[in-house]
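Please walk through the structure shown here, from the overall make-up to single residues.

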Amino acid sequence: MEWLIGLICSSAIAGAAYYKRSLSRSGFLAAVVLGTMMYALGTAIWFGSLIAFFVSSTLWSKWKKQRKEAAESGYEKSGRRDAGQVLANGGLGLLLCVANWVYPHPLWWYAFLGVMAAVTADTWATEIGGLSKTPPRSIKTGRRVPPGTSGGVSVLGFIASLAGGLFIGAVAWLLLGLSVQATQDAALAAIRPAAWAVIAGLAGLIGSLADSWIGATWQQMYRCSTCGREIEQARHCGRKAERIRGRTGWNNDVVNVAGSLVGGVSAVLLGLVLGFS
């Protein structure tokens, strides 16, 4: 029954996103598989945290989209999310869910909480920070860089990143209170709201900043021979762009996975410090 419920819910949500052109066909299929497995092997808390990331990120991507078009034109991927983007943001979370299903342990959950907080924080920072009235600064050099530059950070993006992590922590706690399967954790429910919010907020922020640092250091970057912009794409303005830095294979999806991994590790360490092991 869990597989059927997961399939129906995932198909409905992914189908709506596909209809609104937020997902490509491959992204739709990947989202259905990811959501179905997450619901069947996890609980409503795991599945709901994933959906909270997906829905909130989709809504923010649509908000004032025209103002962000110039910055997004240099991204490797923007607009409709494909399977690679879906898996980059949710694949690691699914692996943690499977690990918890095979060998249940609280630290799997905290790793998952950190991963989802990190991808949410990074997406919120990108979508909301892209509206900053002041140009971002490079996280490596501190110099002003054009909006949309990989590794660029702003005060607005920093605040949005922290808010994204806190949002995931709040959603997870709310789902804990609503979940029948969480009754065994009732004794801890009174102290976990603040703890989960702190863990998710900090882990999300750390993961998002790590994503920016890796993007500025290792991500493959190119320069358009026509407009001169530094971009993530191998082609721009209809012509092949010149590669200027970065490590082979480190595209936007790989950077997202690395940033989410840092967020997951951070959440585990914070969970251990707070005694939730």
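A residue is called buried when its relative accessible area is under 20%, exposed when it is over 50%, and partly exposed in between, using a 1.4 Å probe and protein chains only. By that rule Ser56 is buried, because its relative accessible area is 9%. The model is predicted, so local features need pLDDT of at least 70 and side-chain atom pairs count only at pLDDT 80 or more, while totals for chains, interfaces and linings use all residues. Residues are numbered from 1 along each chain as its sequence is written, and side-chain values use heavy atoms, with hydrogens and water left out.

The protein has 277 residues, and 49% of them are buried. Its secondary structure consists of ten helices and seven strands; these are DSSP runs numbered from the N terminus, with helices being H or I of at least four residues and strands E of at least two. A contact means heavy atoms within 4.5 Å. Among contacts between residues at least 6 apart in sequence, 72% join residues at least 24 apart.

Ser56 belongs to helix α3 (residues 44–62). Leaving aside residues up to four places away in sequence, Ser56 touches Thr120, Trp124 and Phe167. Thr123 lies 67 residues from Ser56 along the chain, and the C-alpha atoms of the two are separated by 9.3 Å.

Next come two packed helices. Such a pair is described by the angle between the axes and the distance between them. Axes are lines fitted to C-alpha atoms, for helices over the stretch in contact, and angles run from 0 to 180 degrees between N-to-C directions. Helix α5 (residues 83–102) packs on helix α6 (residues 106–129) at an angle of about 170 degrees, with the axes 9 Å apart. The two are therefore roughly antiparallel, since angles over 145 degrees count as such, under 35 as roughly parallel, 65 to 115 as roughly perpendicular and the rest as oblique. On the α5 side the contact is made by Asn89, Leu92, Gly93, Leu96, Ala99 and Asn100; α6 contributes Trp108, Ala111, Phe112, Val115, Met116 and Val119.

The expected span of a helix is 1.5 Å times one less than its number of residues. Helix α7 (residues 155–178) has 24 residues and reaches 35 Å from its first C-alpha to its last, close to the expected 34 Å. Its buried residues include Gly157, Gly164, Gly165 and Gly169. Just after α10, Gly275 takes a positive phi of about 85 degrees.

Two loop residues follow. Arg21 sits in the loop between α1 (2–19) and α2 (25–41). Most residues other than glycine have a negative phi. Arg21 is not a glycine, yet has a positive phi of about 65 degrees; Arg21 is also exposed, with a relative accessible area of 52%. Gln219, in the loop between α9 (192–217) and β3 (221–223), counts as buried because its relative accessibility is 2%. Beyond residues up to four places away in sequence, Gln219 touches several others, among them Ser150, Glu232, Arg245 and Trp250.
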